[in-house]
Amino acid sequence: MKRLIFICIILILTKQIYASTSSSYLISQLAFKNYDYSTSLSDFDLNGSYYSNTELLDKIIAAVITEDLSQANKIANKLIEKDEDNQEAYIVKLVYFYTNKEIKKIKKLYKETQNKNELIDFIFFNNNELKDRSTISDSLIDIVTSSFSNVDQRSLNYNFLLFYSSLAKIMNENNDRATLIKGELYQNIEQFTIARSIFEIIKPSSPFYLDAQRSLAINYLYNSSYDEALKEILKILKNNNNNYQLKKILADFYRVKKNYELAIPIYSELIKASQDDLWNIYYMRGICYERSDSWNKAEKDFLTSLNIKPDSPNVLNYLAYGWVERETRLDQSLEMLTAAYNANPDSFYIIDSLAWAYFKKNNLEEAARLMEKVIDLAPGEAISLDHLGDIYYAMNRKREAIHFWQQALELAEPEDEITEDVQSKLDNINAG
């Protein structure tokens, strides 16, 4: 009987321990998935025997990104015991040896992996000679930058990009290029507070200082209250002698916040500077004019932009859609939107405009086909749902039209400015 009670107690305790471990594990995994690397390491027990190779690699990555190289090295040792060919674990060990000036250990480890791993050879050696710390740091960041040019941005693995940029920063704390890239990577994954703290590390004497200030201003633009963002952007602009790129961010800030009357004069100042992106400044000012109900001025700016850069899909789309809405130049609009679509076939905005042009030309079958594609790409886009309702109604598919108008009404945001019109269409059908 005592034995049975003892077993039951063990089972109860085991379940409690397992539940606690399971809970910690899930929190850790979720934190890593959400790029919260510090939390993912908070309950990590290096002596735990239940970690898989993949989990250990995740912990190495998290430790490096938080720049805890000592912990990363310990985890690397554990992983190499289980997987003697793990590339990232060896890279961490080599960086650890280098920062601790254990050159003999580097050479010994290199002999063990020589001719086995081209990446390690590229990072640390040149013709079998060990590179200096600065050159190794540059090689690590080259891996990151090459990923941006060779891979679709949507499929980037930010964990590994942050891993290599962090190692570059650890190898050479003066590598401001690595620091800037690490901050921008954090910005891309919407970890704005961390990104901000990284940008602020870069000093005015650095050749990357202005880039960091620009990224910092963009950070405030999208991740602060109106008053705080304006205050910080103006301060950054003042501290950098009204730099052109920073002034453009101020204009963009006013445009994004729909203060078009404040954005337009700044874009006009930028136009006078006549920089390489002049076509884009005309495009941005044109948007402000269009949103301010000054279509003639907007049209003029869009045409000027296209005169400078004739093949911009976004400008072609914006101008042609404006014409389609006003039911003018429909043939020219269709040609322009087809060109925009061919240049950017994945943009649901452009496909929507093209479908709408076909609708205005009374080619309802093609309009429906394209607008259905838009809904597949962006099922929650209220304006496109409204458009598809209009197309179906014109095709006498009234039940489907009502369905999509109701969806549009449910999903519409105030800035879409379609609620009153959609409700009116539904009321008219109900009245009929």
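This note reviews selected helices, helix contacts and loop residues of the structure above.

1. Basis of the values. The model is predicted, with local features requiring pLDDT of at least 70 and side-chain atom pairs counted only at pLDDT 80 or more, while totals for chains, interfaces and linings use all residues. Residues are numbered from 1 along each chain as its sequence is written, and side-chain values use heavy atoms, with hydrogens and water left out.

2. Helices α5 and α9. Helix α5 covers residues 87–99 and helix α9 residues 158–171; their axes come within 10 Å and cross at roughly 15°. Helices here are DSSP runs (H or I, at least four residues), numbered from the N terminus. Axes are lines fitted to C-alpha atoms over the stretch in contact, and angles run from 0 to 180 degrees between N-to-C directions. The two helices α5 and α9 are therefore roughly parallel, a term for angles under 35 degrees, whereas roughly antiparallel applies over 145. Their crossing is left-handed, which is to say that the near helix is turned anticlockwise from the far one by less than a right angle.

3. Residues joining α5 and α9. From α5, the contact involves Gln 87, Glu 88, Ile 91, Val 92, Val 95, Tyr 98 and Thr 99. They meet Phe 160, Phe 163, Tyr 164, Leu 167, Ile 170 and Met 171 of α9, contact being defined as heavy atoms within 4.5 Å. By class, the contact of α5 with α9 comprises 10 nonpolar, 2 polar and 1 charged residues. In this scheme Ala, Val, Leu, Ile, Met, Phe, Trp, Tyr, Cys and Pro are nonpolar, Asp, Glu, Lys and Arg are charged, and the others, Gly among them, are polar.

4. Helices α21 and α22. Helix α21 (residues 364–377) packs with helix α22 (residues 382–394) at an angle of about 150°, and their axes are 10 Å apart. That angle makes α21 roughly antiparallel to α22. The crossing of α21 past α22 is left-handed. On the α21 side the contact is made by Leu 364, Ala 367, Ala 368, Met 371, Glu 372, Val 374 and Ile 375. On the α22 side are Ser 384, Leu 385, His 387, Leu 388, Ile 391, Tyr 392 and Ala 394. The contact of α21 with α22 holds 11 nonpolar, 2 polar and 1 charged residues.

5. Helix α16. With 14 residues (278–291), α16 reaches 20 Å from its first C-alpha to its last, close to the 20 Å expected at 1.5 Å a residue; the expected span is 1.5 Å times one less than the number of residues. Helix α16 is mostly covered, with 12 of its 14 residues buried. Buried means under 20% relative accessible area, exposed over 50%, and partly exposed in between (1.4 Å probe, protein chains only). Among the buried residues of α16 are Asn 280, Arg 285 and Glu 290, as well as Leu 278, Ile 281 and Met 284. The buried residues of α16 pack against α14 (244–256), α15 (260–273), α17 (295–308) and α18 (313–325). Just after α16, Asp 293 has a positive phi of about 65°.

6. Helix α15. Helix α15 also spans 20 Å from first to last C-alpha over its 14 residues, close to the expected 20 Å. Its buried residues are Tyr 260, Ala 263, Ile 264, Ile 266, Tyr 267, Leu 270 and Ile 271, and the elements covering them include α14 and α16.

7. Positive phi in two loops. Lys 258 is not a glycine, yet its phi is positive at about 65°. Lys 258 lies in the loop between α14 and α15 and is partly exposed, with a relative accessible area of 44%. Asn 396, likewise not a glycine, has a positive phi of about 65°. This residue, Asn 396, is in the loop between α22 and α23 (398–411) and counts as exposed at 57% relative accessibility.

8. Two individual residues. Ile 65, in helix α3 (residues 53–65), is buried at 3% relative accessibility. Not counting residues up to four places away in sequence, Ile 65 touches Tyr 37, Asn 159, Leu 162, Phe 163, Ser 166, Lys 182 and Tyr 186. Tyr 35, in the loop between α1 (2–33) and α2 (37–41), is partly exposed at 23% relative accessible area. Leaving aside neighbours within four places in sequence, Tyr 35 contacts Tyr 158, Asn 159, Ile 189 and Gln 191.

Note on methods:
Parallel < 35°, antiparallel > 145°, perpendicular 65-115°, else oblique.
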